[in-house]
Amino acid sequence: MPKNKGKGGKNRKRGKNEADDEKRELIFKEDGQEYAQVIRMLGNGRCEAMCIDGTKRLFHSRGKMHKKVWIAADDIILVGLRDYQDDKADVIMKYMPDEARLLKAHGELPETTRLNEGVAGGIDEDDDGTDDDYIEFEDEDIDKI
């Protein structure tokens with residue numbers, strides 16, 4: 001068998017868990033930066049998003065964020081605008097859901113912005129607790145299949 005000459009395997013490439021749980025300082029936009037909400041992911045580190053100024057742009061994710069920060073649709077991101085291309089920009093950072101709520105509370109995001117609360121598959125408010133989520137088939141329906 002060949003001798004291992006590398007520095008480690010795939011577990012080393014994954015890196016250490018970088019304690020994302022702890023609170024980080026809220027970063028506001030500066031000159032040449034804008035907030036945006038992701039519309040859809042395009043692959044290869046790119047996404048399409050709607051900026052708060054009302055422009056739809058194509059965004060490219062930084063190499064530092066590649067495979068470390070996962071961006072999904074409806075996420076709020078901070079982007080750096082390009083001087084030479086108005087229809088393209090670069091993703092600087094992704095805001096966590098609680099940070100996005102704080103931005104909205106500070107008035108940085110408009111009130112019309114719908115934040116992704118991460119409650120997919122949760123309990124609806126209009127659910128009265130009855131379990132009527134099943135479908136009952138008749139014998140004729142089964143025979144047709």
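How many strands make up the closed barrel, and in what order do they run? Five, in the order S1-S2-S3-S5-S4, with mixed pairing. On average, neighbouring strands of this sheet are turned by 50 degrees against each other, direction ignored (axes are lines fitted to C-alpha atoms, and angles run from 0 to 180 degrees between N-to-C directions).

Before you click on: this is a predicted model, where local features need pLDDT of at least 70, side-chain atom pairs count only at pLDDT 80 or more, and totals for chains, interfaces and linings use all residues. Residues are numbered from 1 along each chain as its sequence is written, and side-chain values use heavy atoms, with hydrogens and water left out. Strands here are DSSP runs of E, at least two residues, numbered from the N terminus, and two of them pair if DSSP finds at least two bridges between them.

**Stop one: S1 and S4.** Select residues 33-43 (S1) and 76-81 (S4); they run antiparallel and five bridges join them. Pick out glutamate 34, whose bridge partner in S4 is valine 79.

**Stop two: S2 and S3.** Now select residues 46-51 for S2, which pairs with S3 in the antiparallel sense over five bridges. Methionine 50 stands opposite lysine 56 in S3. Four residues lie between S2 and S3 in this hairpin, and glycine 54 in the turn has a positive phi of about 95 degrees.

**Stop three: the faces of S3.** Show side chains for residues 56-61. Arg57, Phe59 and Ser61 point to one face and are buried (under 20% relative accessible area, 1.4 Å probe, protein chains only).

**Last stop: S5.** Select residues 88-94, which run parallel to S3 and are joined to S3 by four bridges. Here histidine 60 has aspartate 90 as its bridge partner.

How values were computed: Buried means under 20% relative accessible area, exposed over 50%, partly exposed in between (1.4 Å probe, protein chains only).
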